[in-house]
Every structure is written in C-alpha cells, then in structure tokens.
Amino acid sequence: MTGDATARALNLPVLVGSVREGRRSIHVARHVGDALARREGIEAGLIDLSEFDLPILIERPQQADRPPPGYEPFQSRLRAADGLVIVSPEYKGGIPGVLKNALDHLEPGVFRRRPIGIVTVSAGGLGGVGCLAQLRQVCLSMGGLPIPVALPVSEVEALFDERGDAVDDRLARRLGPFLDELIWYVGATARQRRLDAASGGA
Ligand SMILES: Cc1cc2nc3c(=O)[nH]c(=O)nc-3n(C[C@H](O)[C@H](O)[C@H](O)COP(=O)(O)O)c2cc1C
C-alpha cells in the first residue's frame with residue numbers, strides 16, 4: 001500500500017538477531033515476515049544471520065583485503081532495503097553478541113533515512129526491553145530511524161507450538177498496529193527518496 005500507482009513495492013525485510021540452536025525468536029521473525037508478506041505493496045523476506053559467514057570482526061570489511069565471505073551478501077541485502085524489522089532476543093540484558101557483530105560489519109550510515117521497527121523477544125515477562133533500548137541507540141548511530149512504536153514479546157515459549165505455529169492470536173493482535181505504523185514511515189521516506197531522485201536532490 002504505497003499510495004502511488006507508479007511506485008515499486010517497498011522492500012522491507014526482517015533481520016533475525018539470533019543463531020542459537022533451538023532459538024524461539026525465529027518463530028516470531030517468521031510470524032512477522034508472513035504478516036508483512038500478506039500486506040499489499042510489500043516485499044518481505046528473512047535475513048537470517050545463520051546463513052551469512054560473518055566471523056568475529058577483526059577489521060572493518062570496507063578496509064580489509066579479504067572481507068569475510070558473508071559481508072557483501074549481507075551488506076547488499078540491507079543496502080537495498082527501504083526499511084527494516086529487527087527481531088532479536090535479549091541476552092544478558094542487551095543485544096546478542098552475534099547481532100552486534102553482524103551490524104558492526106556494515107558500512108557507516110547504511111541505514112540512513114531508513115525506518116526500523118524493533119521486535120524484542122524474551123522467555124520472561126519483560127519482553128527484552130533492555131535489548132530494545134540498546135538496539136534503538138545502535139540503529140541511530142547507523143543513520144537509521146527506529147520508529148517510536150516497538151513490539152516487546154514476553155513469554156515466547158507460550159506463544160508457539162513446537163512447529164512454530166502461533167497457539168493463539170495474542171501476538172497477531174499487537175503485530176497489526178505495529179506494522180501499520182512501520183509501513184507508514186517506510187512508505188513516507190521511500191516516497192521522499194523518489195522525489196529527491198526525480199529532482200536530482202540528496
Ligand atoms: C545467552 C543467553 C542470555 C539470555 N539473557 C536473557 C536476558 O537477559 N533477559 C531475558 O529476558 N531472557 C534472556 N535469555 C532467555 C531468552 O529470552 C530466551 O532464550 C528466548 O527464548 C529468546 O531467545 P532465543 O531466540 O535465543 O530463544 C537469555 C538466553 C540466552 C541463551
């Protein structure tokens with residue numbers, strides 16, 4: 001729903017912040033990705049860190065003779081995005097190391113003028129709000145626009161069965177308004193980018 005018949009679909013992928021075996025946040029990420037894919041005018045898809053070879057950063061990839069093999073594919077998926085959803089568990093009160101390491105690989109400003117919706121996941125009752133606060137800060141430092149509305153998901157084990165199917169509509173009910181808000185920001189910034197490009201502006 002871009003409100004402009006000539007506009008292309010909005011590219012709005014979901015980045016998953018955990019590679020842990022048995023991770024529960026992947027169920028949330030798939031749920032979010034499926035809901036996005038059902039929206040008109042949205043091109044969604046998962047960016048799963050477990051599919052990218054990104055070892056612990058020892059040098060900025062932009063300055064390395066041999067960047068890690070996962071760098072270019074990871075960077076180009078994000079560079080092409082009009083906006084982003086990050087779905088991340090909270091580990092030790094903050095961002096999982098694997099997610100921060102992956103973000104550290106990206107070129108500075110890669111999220112410039114891109115709205116970012118943040119979904120945090122926890123087994124307990126607080127929904128990963130420690131991770132949410134840190135992720136907002138990190139996204140800002142990368143030029144991104146973390147939107148004011150977030151989606152902290154508590155007690156994730158009670159929301160899905162073993163196959164990853166939602167057992168009730170608790171998450172879906174909160175997800176709709178969150179995605180409405182995110183898509184509004186992503187559509188608005190994408191429209192402005194098109195206007196800028198048409199007028200030869202920034
Ligand atoms: C290393 C580690 C640290 C964790 N730290 C926290 C934490 O600080 N706060 C919290 O609510 N849950 C914490 N958890 C539990 C997660 O909320 C739980 O694993 C949940 O299922 C989401 O993470 P997952 O996608 O890895 O499954 C931690 C889990 C791991 C593996």
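**Salt bridges, buried residues and a ligand**

Hi everyone, let's start at Ser-122. Setting aside residues up to four places away in sequence, Ser-122 touches Gly-127, Gly-128, Val-153, Ser-154, Glu-155 and Val-156; touching, or contact, means heavy atoms within 4.5 Å. Before going on, a word on the model: it is predicted, so local features need pLDDT of at least 70 and side-chain atom pairs count only at pLDDT 80 or more, while totals for chains, interfaces and linings use all residues. Residues are numbered from 1 along each chain as its sequence is written, and side-chain values use heavy atoms, leaving out hydrogens and water.

Back to our residue. Ser-122 sits in the loop between S6 and H4. Those labels are DSSP runs numbered from the N terminus: helices are H or I with at least four residues, strands are E with at least two. Is Ser-122 buried or exposed? It is buried, because its relative accessible area is 11%. Buried means under 20%, exposed over 50%, and partly exposed in between, using a 1.4 Å probe and protein chains only.

Now for the salt bridges. Side chains of opposite charge can pair when their charged atoms come close. Here a salt bridge is a side-chain nitrogen of Lys or Arg within 4 Å of a carboxyl oxygen of Asp or Glu. How many salt bridges does this rule give? The count is 9.

Take Asp-82 and Arg-8, whose closest N and O atoms are 2.8 Å apart. Asp-82 is in the loop between H2 and strand S5 (84-89) and Arg-8 in the segment before strand S1 (10-11), so this pair ties together parts 74 residues apart in sequence. Asp-82 counts as buried, at 1% relative accessibility. Arg-8, Asp-82 and Arg-193 are also linked in a network of salt bridges.

Another bridge joins Arg-23 to Asp-48, with the closest N and O atoms 2.8 Å apart. Arg-23 is in the loop between strand S2 (14-16) and helix H1 (25-37), and Asp-48 is in strand S4, so parts 25 residues apart in sequence are tied together. Arg-23 is buried at 14%, and Asp-48 is buried at 6%.

Arg-114 lies in the loop between helix H3 (97-105) and strand S6 (115-121). The side chain of Arg-114 does reach the backbone oxygen of Arg-112, at 3.1 Å. This is a polar contact: a pair of N or O atoms within 3.5 Å, where, within protein, one must be able to donate a hydrogen and the other to accept it, and residues adjacent in sequence count only if both atoms are side-chain atoms.

Last stop, the ligand. Of the 13 residues around the ligand, Arg-20, Arg-24, Ser-25, Tyr-91 and Gly-93 come nearest; a residue is near if one of its heavy atoms lies within 4 Å. A backbone N or O atom of Lys-92 lies 2.8 Å from a ligand nitrogen. A polar backbone atom of Gly-93 is 2.7 Å from a ligand oxygen. The protein covers 72% of the 590 Å² of accessible area that the ligand has on its own, by the Shrake-Rupley method with a 1.4 Å probe.
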